[in-house]
Structures are given as C-alpha cells and as structure tokens.
Amino acid sequence: MGRLNAEPDDEAAPVSPDDAPYRLPWRVATLVATRRETPTATTLELDVPGWRGAMAGQHVDVRLTAEDGYSTQRSYSLASPGTLGLPAGAASDGPPERIALTVQVVEDGEVSPYLTQDLEVGDQIELRGPIGNWFVWHATDPHPVQLVAGGSGLVPLMSMLRTRRRAGSHAPFRLVVSVRTPLDAIYAGELATFDDVEVTRVWTRRGPPGWTGRVGRVDADLLAQVCVPPDERPHVYVCGPTPFVETVADLLVDLGHDPERIRTERFGPTGT
C-alpha cells in the first residue's frame, strides 16, 4: 500500500523535540517483533536508533535495496502513538526509539510482500521520518474529532487513538471504519477497549455471524447518523483508498461540515 502525493526527498521535519527543524536522514531500523493483524496485514515493531519522535498521523519512507543495487521505497503511516507534543506528565510506555508500522499486502506489490512475509526478527531496513505536518492530531487540542477510515486507512487514525489514550485526553472522538468483512478488520480487539470512543463498523461485503445491521458502503445517511454533528465543529480525518476518501469528504461537506476542518490522506497502489 503506497501513499499518494508523498513528500519530496530531503524534506525538513517540521517539528522536533527541541522545536528546531532538521533534515531527515536515512536510518537503519531493526525488526524486533511482528504481529499478524489479518490474513493480509502485519504490524512490524522496529527499533530505530536516533529516532526523535513523531506526531500522531505522520508517516515514514521505507527503502529496500537489492544486492544488485536496485532500490525502491514506499511510504507507510506510523501505527504507534505519537510522542511529540504531548501534555506535561503524559504517560510514556515503551522504548523511545521503537515505532510500529502496519503493512497491508498489495497484490503483485514490490515492497509489502517482502515486509510482511520475508522480513524476519533481527533483519534491518532503511527508513526516514517522521514526515508530514498536515494530517496530524495534536494531543492538547480539546475539540471533538471525527475519524473515518476505509480499510487499512485506519492505521494513522489508530495512532491518533493511541496518542489520545497515552496523553490522557478527554477530547470527544468518534470513529467510522469501513472494511469488506470481519477478516479484513485490523485492530479489532484493541478498538473494543476504547470505551469512551464511539466506533461504528461498516461491512461492505459481509458482516460477522449473527449480524443484523446494514451491509454496504458508507453513505450520507450513515454519516449523518453517526458522525459528530457539523455544528460542533469537529476536526475530521478521512483516510483510505482515493475513491473512498473523495466520496466521504464530499458527503461530509454536503452535510454541512467545514471543508477547512476536513483533512484527508489517500492510499493506493504506487505508479503513474
């Protein structure tokens, strides 16, 4: 799964622990653990010496280089909670130089099959980041937040949810997550632990056994029923495949949401 409109090479990171912009070097990351999320998605935990932290919603570039010198790279959202911009006294768990990426296998992909099927604990890859200052949630922001995810577009939104928990934030959060079937639902167990977050599941192909709710695509009626009302002026984050993101963003604007408060992130196969 590649990110569309990725940042140009050698971008200066907008935020650092000492508030000074700095260039993003390629770093060597070591795989320390893996966790299968679905039959086609795996979370990679990586130790990254020199990592300076990230905000919820940012991503990294991953570069693979073959023995013959051929090199290719893809961008992946951080699944781990943000560590920059947390309120004073926020809980910090886990090594500061460890990050998590959840990688969805792309059929005939060049990078995702290697990362999820061939990479073993102890192996190393190159990455750089964090990148991106647009699609981020600030843990000190008290405004309501509406998250809408299509498939693996849940990854950066899960980073926001995890950051909210780590920061002890009480900002109202709601999540709409659309997937084909329960087999495609990443983070299903963890999402059930967010008791104070309203989670709406949308199954587009088939629901779980005994499911009596609707099955189909996200539409205007659903968004009107379950999203934070536009008059509460929520920050809205929509992430997923390009057609999904464009449709949802248009529907939200039609429902009265302020376009300036809707931030989108598109994923899709790389290429022309």
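Residues are numbered from 1 along each chain as its sequence is written, and side-chain values use heavy atoms, with hydrogens and water left out. In this predicted model, local features need pLDDT of at least 70 and side-chain atom pairs count only at pLDDT 80 or more, while totals for chains, interfaces and linings use all residues.

The chain has a mean pLDDT of 89, and 89% of its residues reach 70 or more; pLDDT is the predictor's confidence in each residue, from 0 to 100. Over residues 4–18, pLDDT stays under 50, and the model has 35 contacts beyond four places in sequence for this segment. A contact means heavy atoms within 4.5 Å.

The secondary structure comprises five helices and 14 strands. Helices (H or I, at least four residues) and strands (E, at least two) are DSSP runs, numbered from the N terminus. Of the contacts in the chain with a separation of 6 or more, 72% are accounted for by residues 24 or more positions apart. Of the 272 residues, 49% count as buried, where buried means under 20% relative accessible area, exposed over 50% and partly exposed in between (1.4 Å probe, protein chains only).

Not counting residues up to four places away in sequence, Leu 154 touches Ala 149, Leu 175, Val 177, Ile 186, Tyr 187 and Leu 191.

In the loop between helix 2 and strand 11 is Ser 169, which counts as buried at 13% relative accessibility. Its contacts are Trp 137, Ala 139 and Arg 164, not counting residues up to four places away in sequence.

Helix 5 (residues 242–254) has 13 residues, which at 1.5 Å a residue should span 18 Å; its end C-alpha atoms are 18 Å apart, in agreement. The expected span is 1.5 Å times one less than the number of residues. Phe 244, Val 245, Val 248, Ala 249, Leu 251 and Leu 252 are buried in helix 5. These residues lie on the same side of helix 5 because they cover an arc of only 165 degrees around the axis, the arc being that of the directions from the helix axis to the C-beta atoms. The face turned away from the buried side carries the exposed residues Pro 243 and Asp 254. Just after helix 5, Gly 256 takes a positive phi of about 110 degrees.

A cis peptide bond, with omega of about 5 degrees, joins Gly 129 and Pro 130.
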